[in-house]
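Please look through the note below with the model open beside you.

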Amino acid sequence: MEDAELNEEVRERMRALGFAKVGVARAEALEPEGEQLRAWIAEGRHGQMDWMAQTADVRADPRHPGMVEGALSVVIGAFPYARSAERVGPDPGRVARYARGRDYHNVLSKRLRKVVSWLRELGHEARFSVDSRPLFERAWAERAGLGFIGKNCCLIVPGLGSHVFLGAVVTTARLTPDAPMKRRCGDCRLCLDACPTDAFVGERELDARRCISYLTIEHEGPIEPELADRMGDWLFGCDVCQDVCPYNRTALPDPAATEPFAPHARFEGTDCEDLIAMDEESYRTWSEGSPMRRPGQARIARNARIVLANGKRALPLVD
Ligand code: B12
Ligand code: SF4
Ligand code: SF4
């Protein structure tokens, strides 16, 4: 297949799989992002996410043997998940929008595997990542011109907003890169000021140890009372710094495009007390196929206790 034809076809295939925006970047060492990542880890801002530190070298260069040796291109797509403000799950107790339906790792991996197989049939090496391999996905999305990284660290696609998942294919195929886009936050700082736990240490700099998303999903063990008090009713993840962003005041995508991420009906009718009372096995059944499975019952029960305690103190809930 001629280069020009391959270029168009890979984008076309990604779009046909539901990626609303697709771009390509040249595979090379990420600088300055690689250095920023190492500095972030050296400051301990990754908290207990040891896997971030262990894989920093691969994340900084997709041509590392841990990703795709000899890679020439990174193809990356943005897959929208924003639905109408349907709430699901316990009340009180809020679940971030990305986690209300099926697990995006499963949904997107299945689709990207098809692109990988096709590239391999053509004789190219290829591997995909949906937050499933050590690839610095936001940095590649920005380089490939999908959008820009806002002060809230999220990849924002103008016209679509930041409620998008990223999925990438790293390949030895030589594809034509797209041009990156300028950052468009201007003087706005709504996200930085709205964060309930003051997790931003600067523009586009997050201390994960203070982020509710990290605390509710990744952090093992007790949560410091100073932070727990500010978690409001977030049971799993947090959307505050995206909800305040003007770029998310866009029309919702066609519900058919985000169908896999429609809220799970089975989450209705379960309250915080139920989650606290569940054993690990029943929690695994309840959270099957959902991103909520990751933290396991003990962490979810810890979060549920915080939500209930915060409700009793009648804290102003963030919304
Ligand atoms: C670790 C991780 C987390 C951690 C840490 C988040 C973070 N900001 O790093 C926690 C658990 C907190 C988290 C939370 C969330 N995450 Co997350 N997460 C990841 C993961 C696995 C790695 C991200 C990473 O590399 N972090 C390292 C730091 C250094 O990266 P960064 O902050 O993005 O750094 C950029 C800039 O901030 C800047 N920078 C960094 N340091 C410095 C220093 C200076 C001086 C300057 C100027 C700039 C600068 O440079 C970097 C590159 O441009 C990716 C998947 C992947 N494999 O990439 C998903 C991913 C980033 N997460 C995702 C999502 C959806 C979320 C949440 C929205 C979920 C939620 N609702 O609860 C929140 C958003 C929180 C936020 N505001 O960032 C999506 C993002 C989609 C998007 N549109 O951006 C990803 C890409 C998964 C996916 N495949 O879709 N996440
Ligand atoms: S996800 Fe929530 S806690 Fe984390 S930085 Fe954004 S607003 Fe702050
Ligand atoms: S809220 Fe404002 S500063 Fe934050 S990401 Fe959106 S546009 Fe940028």
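1. Phe267 is buried, as is Trp286, where buried means under 20% relative accessible area, with exposed over 50% and partly exposed in between (1.4 Å probe, protein chains only). The model is predicted, so that local features need pLDDT of at least 70 and side-chain atom pairs count only at pLDDT 80 or more, while totals for chains, interfaces and linings use all residues. Residues are numbered from 1 along each chain as its sequence is written, chains are lettered from A and ligands numbered from 1 in the order in which they are written, and side-chain values use heavy atoms, leaving out hydrogens and water.

2. The structure holds 11 aromatic pairs, a pair being rings of Phe, Tyr and Trp (its six-membered ring) with centres within 6.5 Å, and with planes under 30 degrees apart counted as stacked, over 60 as edge-to-face and the rest as tilted. One of these is the edge-to-face pair of Phe79 and Phe261, at 5.9 Å centre to centre and 85° between the planes. Phe79 and Phe261 are both buried.

3. Phe267 and Trp286 form a tilted aromatic pair, with 4.5 Å centre to centre and 35° between the planes.

4. Ring pairs also join Phe19, Phe79, Tyr81, Tyr98, Tyr104, Phe165, Phe236 and Phe261 into a cluster.

5. Arg94 lies over the face of Trp234, 4.3 Å from the ring centre, and Arg143 lies over the face of Trp140, at 5.6 Å from the ring centre; a charge sits over a ring if NZ of Lys or CZ of Arg is within 6 Å of the ring centre and within 35 degrees of the ring normal.
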